[in-house]
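Dear colleague,

Please find below the structure that I am handing over to you. My findings follow it, arranged by region.

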Amino acid sequence: MIPIVKKLLMLIWLLGSPLLAQNVEPLKSAKSIRELSSEQGQQRLPVLIEGVVTFYHSDWGVLFIHDGEESICVGVPLEIRPSQSYDLGARLRVKGVIGPGEFLPVIWPNTIDELGSGSLPPYRKVSVEDLFTPALDCHPVEVDAVVKGTSFSDQSLVLDLEVNGRIIKALIPQRAAAETLPWQLLERRVHVRGVVGTHFNDQRQMSGRLLFVPGLESFAIEKDEFSDSEIPTVSVDGLLRVDAPFRARVRVRGIATFVLPGRGLYLRGEGGSLFVQTAQPSDLARGDEVEVMGFPVVTPFRPSLSAIDVKKVADGGEQKPHLFVASEQRNSREQCELVTLDAEYLELTTGRDSTALLCRSEGVVFEAQLAAAVQLQESLVPGMKLRLIGICELVSTRPLVIPRNATGFRILLRDRGDISVLARQPWWDRSHSLWVLGILGAIAIAIAAWAVTLQVVVASQSNLIRQQTQQQATLEERQRIARDLHDTLEQELVGVNMLLDSTAMKMNGSNPEASGPLTLARRLLRRAREESRTTIRELRSVTLEQRGLPAAIDELLRPLTIASGASFDVTVTGEPIRLAGTLETHLLRLAQEAVANAAQHSGGTRIDLRLGYTPEVIELEVSDNGTGFDPDTATQEPSHFGLSGMQERVDKISGTLRIQSAPDKGTTVRVTAPIVSFQSTLTA
């Protein structure tokens, strides 16, 4: 309520501005201002009006004036507020502009001049229906009411007035706090004079009513028809029974279990506990025996008492709380009772005026509230086991408000001493659980990654072992074939050679016609023996299997060049890789044939071999500085089996053979073949 009024005044002030329309005739009556639409109110029309003060709140700058016919609100800026408050009935001249307001247009003054005293307008006596007529805003009225409560807020004394069953707030400018609250007005019938105020929303609609009352002198108390001797004493559970009158004063005696200065106290008496509403200043403390006189009030679950007078009867002692079981069905004796229960602490909420602990007991979640924002004796951690002592208040969201329909409860803690720590939070709480789960998850991920890596390594090693096993088996098979060739074919060729040599010796040139074919047969046989020896050497070449083609060429061919007296250089370009076995074998044989021809027939002093590796092809080049020859003539001679054999090998590997040579200019043999590899890099 109060923040809404202050918000209104703030917005009105922000909208105010100096006079914009100098040539416009100023408005001079409250009626003409009230008749303006909200759009007209935004035009900052000039105003010059006189009227008497019906209400002024010096802390808020809220001023109501009456011009003899109608009333209007004036928002007084801080810079022109007088040092002394405007008196009720003072006559003022207000000059300024009109602001749109949020319910009715308002005046934002540039100057306010006091013209002396004037006459207050008549206060219109209204019923509750009249009071809620929207057009009554800003008008002085008189109502009959019963004072139901008092409090202090925002530099104002706030009284709860019951007007024909409806509660309306009355605001009185008041700087002093609780010690000046008019507790003697409680439950008294009064005539109140004040100015009608309005709660509104952002669509300029009324959402509630209040009264701006100048002071306590605006309350007239009706004569009390009862004497103290006629007031009966009743038990707590005897209030508002079927045979009890509604508005009848009663006395209740009991022990104070919780005292709220300026608001009331909780009382434990015969037949249970109840709340006593009173703003009466007193020195009551917990455990005091008191006597309360007042009127019963209908409140949920159990009647309360609106006190006219509270007296301390005797000193008492601290009351023992009743054990509270959260999971049981609720009953009326628990309402307003001092109870104790054990609970698990969940979280803390701290506001400007209160501290709330969210707790759980036997599966039921509830709030334990402290009346003020206080520093607890010990920092609470979720999961702690607490013992709480406080006043139980039942809560229900059901339309039939009876104890068994209660849907919850809250505990009002009296001070921080009502909180005791029974057990610290267990180590295995949510935070630690999340940490452990996170660590286990990380370990699981690491194990999974290790397993995948191990699987890849095992697969790689298995593939390597399989390749090595295949290579070893191939090597052993080649060694076996080499042995078989040496023991069979080689020996038989040696025998045939010996027979041909013997035949040649016996003929001794006696038969010239047979000498030519015999000589050719001996040459062919010698050639076949050389081929078989070469094949056996290749089959037994461990270097080709283990170290690859460049190393095998250097190891197998260098001895041929040394025997001829020529120097031999091997050059490798590109990145050597393992080639398919057939390709490497043919290239080795081609290199061997070319180097052997150069060593035996060229007469050169230098033989160079180059292996060139590219991603697509491999190139073998053998060159010498010997006598050279004519390639076209040499390939036509039937005795030159080497060149034709080289061409056959090149065709088998889908390559090309080029021979460059000329007499006395050396020879270059170049073989180019597509790469067929094992995709592995060679090491020396």
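**Overall make-up**

The chain has eleven helices and 31 strands. Please bear in mind that this is a predicted model. Of its 684 residues, 43% count as buried. Among contacts between residues at least 6 apart in sequence, 64% join residues at least 24 apart.

**Two packed helices**

Two packed helices are described by the angle between their axes and the distance between the axes. For helix H8 (residues 549-564) and helix H9 (residues 581-602), the axes come within 10 Å and cross at roughly 15°. Because angles under 35 degrees count as roughly parallel, H8 and H9 are described as roughly parallel to each other. Their crossing is right-handed. On the H8 side, the contact is made by Leu 549, Ala 552, Ile 553, Leu 556, Leu 557, Leu 560, Thr 561 and Ser 564. H9 contributes Glu 584, Leu 587, Leu 588, Ala 591, Gln 592, Val 595, Ala 596 and Ala 599. By class, the residues of this contact comprise twelve nonpolar, three polar and one charged.

Glu 393 belongs to strand E22 (residues 385-395). Its relative accessibility is 14%, and it therefore counts as buried, the cut-off being under 20%. The side chain of Glu 393 takes part in two polar contacts that I would draw to your attention: with the side chain of Tyr 266 at 2.5 Å, and with the side chain of Arg 410 at 2.6 Å. Leaving aside residues up to four places away in sequence, Glu 393 touches Tyr 266, Gln 335, Phe 409, Arg 410 and Leu 412.

Asp 418 is situated in the loop between strand E23 (408-413) and strand E24 (419-423). This residue is buried, with a relative accessible area of 4%. A polar atom of the Asp 418 side chain lies 2.8 Å from the backbone nitrogen of Arg 414. Beyond residues up to four places away in sequence, Asp 418 touches Arg 387, Leu 388, Ile 389 and Leu 413. Between the C-alpha atoms of Asp 418 and Gly 390 the distance is 6.8 Å, with 28 residues separating the two in sequence.

Thr 667 is found in strand E30 (residues 667-674), and with a relative accessible area of 9% it is buried. The side chains of Thr 667 and Ser 661 are joined by a polar contact of 2.8 Å. Not counting residues up to four places away in sequence, the residues that Thr 667 touches include Val 622, Asp 624, Phe 629 and Ile 659. Pro 631 is 36 residues from Thr 667 along the chain, and their C-alpha atoms are separated by 9.4 Å.

**Two residues with positive phi**

Most residues other than glycine have a negative phi. Gln 155 is not a glycine, yet it has a positive phi of about 55°. It lies in the loop between strand E7 (140-153) and strand E8 (156-163), and is partly exposed, with a relative accessible area of 33%.

Ser 654, also not a glycine, has a positive phi of about 60°. Its position is in the loop between helix H11 (641-652) and strand E29 (656-661). With 58% relative accessibility, Ser 654 counts as exposed, because the threshold is over 50%.

With kind regards

Key: Residues are numbered from 1 along each chain as its sequence is written. This is a predicted model: local features need pLDDT of at least 70, side-chain atom pairs count only at pLDDT 80 or more; totals for chains, interfaces and linings use all residues. Side-chain values use heavy atoms; hydrogens and water are left out. Helices (H or I, at least four residues) and strands (E, at least two) are DSSP runs, numbered from the N terminus. Buried means under 20% relative accessible area, exposed over 50%, partly exposed in between (1.4 Å probe, protein chains only). Contact means heavy atoms within 4.5 Å. A polar contact is a pair of N or O atoms within 3.5 Å; within protein, one must be able to donate a hydrogen and the other to accept it, and residues adjacent in sequence count only if both atoms are side-chain atoms. Axes are lines fitted to C-alpha atoms, for helices over the stretch in contact, and angles run from 0 to 180 degrees between N-to-C directions. Angles under 35 degrees count as roughly parallel, over 145 as roughly antiparallel, 65 to 115 as roughly perpendicular and the rest as oblique. A crossing is left-handed if the near helix is turned anticlockwise from the far one by less than a right angle, and right-handed if clockwise. Ala, Val, Leu, Ile, Met, Phe, Trp, Tyr, Cys and Pro count as nonpolar, Asp, Glu, Lys and Arg as charged, and the others, Gly among them, as polar.
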